[in-house]
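Open the model in your viewer and keep the selection panel at hand.

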Amino acid sequence: LISACANSAQWETALRLFGELQQRGLEPDNITYNAVITACGNGGQWEKALEHYHQLRQRGLEPDIITYSAIVSACGNNGQWEKALEIFDDLQDILTPD
């Protein structure tokens, strides 16, 4: 359901559903966070997308390629190129073998 909100840029509904999920004691997973980040980005709410990206990491979840794509798009599509490049650099550090 949150993904449907993401696809139609209904970020407020996505955040409401996300909050209800947590109020019911359910722990969001990467898929849920990815949908919320995408919804926020599509709705022009790059800062909220970034908040959820950081929340995902604080909960000990590892961002996947979809997470990185969603947050880079959220920042980049909303004029926050420096932040998008910073996150993209983080991804390159993870993907580049030592």
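**Stop one: α2**

Select α2 and check its length: at 1.5 Å a residue, its 13 residues should span 18 Å, and the end C-alpha atoms are 18 Å apart, which agrees. The expected span is 1.5 Å times one less than the number of residues. Helices are DSSP runs (H or I, at least four residues), numbered from the N terminus.

This is a predicted model: local features need pLDDT of at least 70, side-chain atom pairs count only at pLDDT 80 or more, and totals for chains, interfaces and linings use all residues. Residues are numbered from 1 along each chain as its sequence is written, and side-chain values use heavy atoms, with hydrogens and water left out.

Now colour Trp11, Ala14, Leu15, Leu17 and Phe18: in α2 they are buried (under 20% relative accessible area; exposed is over 50%, partly exposed in between; 1.4 Å probe, protein chains only). They cover an arc of only 160 degrees around the axis, which puts them on the same side of α2. The arc is taken from the directions from the helix axis to the C-beta atoms. Turn to the face away from this buried side for exposed Glu12 and Gln23. After α2 comes glycine 25, with a positive phi near 85 degrees.

**Stop two: Thr38**

Select threonine 38 in helix α3. Threonine 38 is partly exposed, at 25% relative accessible area. Show its contacts (heavy atoms within 4.5 Å): Ala6 and Ala70, not counting residues up to four places away in sequence.

Methods: Helices (H or I, at least four residues) and strands (E, at least two) are DSSP runs, numbered from the N terminus.
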